[in-house]
Amino acid sequence: MTSRIPRDSRLRLVRPRPLAAAPRAVNQRRPSRPAPRPPEGTPAPAELAGMARSGLAAAARVARWADAALRPGRDGAHPDGKGTLSDETAERAATDLDLTTAQIRADWDTARLAGLIEVHGDSARPGWRLRAWNRDDSAVLRGWVALFDAWSLAYPEPEDHEPAAVAEVVSAMPQVLSFLQLSAGPVPVAQLLDLLEQRVTELRTERCEIPYGPQPEPLHSRAEDTPLAPLLDWALHALASVGALTYGDGQATLTPLGSWAVWVKLEQICVAAQSPAGNIEQAAEDMLRGCAQLRPNAARAEYRAWLAARPVGSAVTELIDAARGEDALLRGLAFEALRVVGAPAEPDVRSVAEEPALRPYALLWLAEHDGVDPEDAHEVLTREEATWLWVDTAAAVADHGEAPMLVRHLESALQPTVPALLDEVRAVGHPRTVQVLVALAAAHPDPALAKAVRRAAFQVHTGGN
C-alpha cells in the first residue's frame, strides 16, 4: 500500500495498480544487513536441527499419534484451557505407543511447549511445526528454542519455596547462561551460585523503593531468606531436561544446542535495543500507530525490534487483535508486521481467513507465504474480496491521508469505469462505504463525477437504488 509519488504523505497506502495487493505496505526487500554469525565452533544449522529432532523425538511421536488418532476438534484434553490430556486419552496413547501414562503426559507437555501441539480453548491440534518437522530445519530449531524459553515449566520447581524467590532465580538465569556460553566449557556450580546470588541481589536493588516518613525496622522478606543453592540446582536440572546443558559432578556445561540458543537470545536483545522509534514497550496498536509515520525500512526494523522483545505467540495474537479494530490503517500495518513474523504466524493467519474484515489481508499473506510473488498475490482474491479491500484501504486514506491520495486511489480500482466501481462497492456491503464515498466526492475535482459518487453514497445510506 505505498504511494510512489515522492511528495506524498508518509501514509503510503496507494499503488497505481489494482488494489487487491493493497495490504503490502511496501515491496522493498529488507535492508541488506549482514547476518550475524554464531560463535566459532557452533555446528551448522542442519546439524543443530538433527540434535533438536533427536531430543524432541518422543514429543513428536506423541504429537503425531494425537494427529492421527484424535484429529483436530475431537475431545482429548481436559476442559481447563491448558490442553492437559484426559485420563482416558493418556491411557489410550500409552497402550498404542507402548509407554506409561507418565511418559505420555511428559512427552505431551514437551510437545505443547515446543509448539508441536497448539492448544485452542478446550481442544488441541497439531502445530505448524509438526507439519514441517521432517522438511524444515528452521521449524525444528524454532520449536526447540520455544522449549528452551519454557525451561522453568518443563521441570517441577522445588516445593515449599517462596514463589518470589523462584521468580527471581528465573529472571537471573539468563545472565548465568550467558556466562556459561562465554566460558565455552564446564563451569563449577559454586561459581554459578556466586554469580546467581550477585544477580539476584542486583534485581532486588533495582526494584527497591525508598518510602517517605518514619518507617519501622525493616524485616527480611521470605524471598531474601530463601537459600539459592537448591533453586540453582532445580534450574540446572530443568535446563538439562530440555537439552540445554549437561549437569553433574559439581559442574555444568552448555550443549551445542544450548550455546547456540543463548547466542540467539543475545542477538535478539541486540536487535531490540536498536529500536529506532522507541515503540518496543508499547502495545501492538500503539506500536502500529507509531510506525504509520515511518519509512518502510524503518517500520520493518521497528516491527522486528518489537517482536524480538516478546514471545512470538502473544505478539501474533496482539497484532491480529489490532487488525480486528475499526482503523483500516492499523489493519494493513498489522499484516505488514505479521509478514515480518513469517511462518510462526501461519496458523493464526489461517484461522482468521474466514473473518470478513480480515479475509482479504489473510489470503494475501498466505499466498505470499506460500511463495507467490507479491505483485501477483492479488490474483488469489475474488472480485468481491478485492473490492472490499479497495473500500477498506480507501477508509484508511480518508481517515489518515490527504485528498489527492484518495483521488489517486480511485484510479487504482479494478473496475474499468466509475459506475461499475460504484455498483460493486455498494454490493460488497463494507461498513465504511458511505463515509468513503462522501470523502471521495468531497476530494474529487470533477463536479460530475463527484455528484455521481455523492448520489451513490446517498443511495447506500438510504438503502435505495
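**Notebook: aromatic pairs, a helix face and exposed loops**

I began with Phe148, which counts as buried at 5% relative accessibility (buried is under 20% relative accessible area, exposed over 50% and partly exposed in between, with a 1.4 Å probe and protein chains only). I note that this is a predicted model, in which local features need pLDDT of at least 70, side-chain atom pairs count only at pLDDT 80 or more, and totals for chains, interfaces and linings use all residues. Residues are numbered from 1 along each chain as its sequence is written, and side-chain values use heavy atoms, with hydrogens and water left out.

**Entry 1: aromatic pairs**

I looked up the aromatic pairs and found that the structure holds 3. Rings of Phe, Tyr and Trp (its six-membered ring) pair if their centres lie within 6.5 Å; planes under 30 degrees apart count as stacked, over 60 as edge-to-face and the rest as tilted. One of the pairs joins Trp144 and Phe148: the ring centres are 5.6 Å apart and the planes stand at 15°, so I recorded the pair as stacked. Both residues lie in helix H6 (residues 137-149), 4 residues apart, and are therefore separated by about one helical turn. Helices (H or I, at least four residues) and strands (E, at least two) are DSSP runs, numbered from the N terminus. Trp144 is buried, with a relative accessible area of 2%.

I then turned to Trp151 and Trp234, whose ring centres are 5.4 Å apart with planes at 45°, so this pair is tilted. Trp151 belongs to helix H7 (residues 151-154) and Trp234 to helix H11 (residues 229-241), so the pair ties together parts that are 83 residues apart in sequence. I found both Trp151 and Trp234 buried.

**Entry 2: helix H1**

In helix H1 (residues 45-55), I listed Leu48, Ala49 and Ala52 as buried. They are on the same side of H1, because they cover an arc of only 100° around the axis; the arc is that of the directions from the helix axis to the C-beta atoms.

**Entry 3: exposed residues**

Where does Ala184 lie? I placed Ala184 in the loop between helix H8 (163-183) and strand S3 (187-188). Ala184 has a positive phi of about 55° although it is not a glycine, and is exposed, with a relative accessible area of 71%.

Asp249 sits in the loop between strand S4 (245-248) and strand S5 (251-254). I noted for Asp249 a phi near 55°, a positive value in a residue other than glycine. At 82% relative accessibility, Asp249 counts as exposed.

Lastly, I checked Ala68 in helix H2 (residues 57-69). Ala68 is exposed, with a relative accessible area of 55%.
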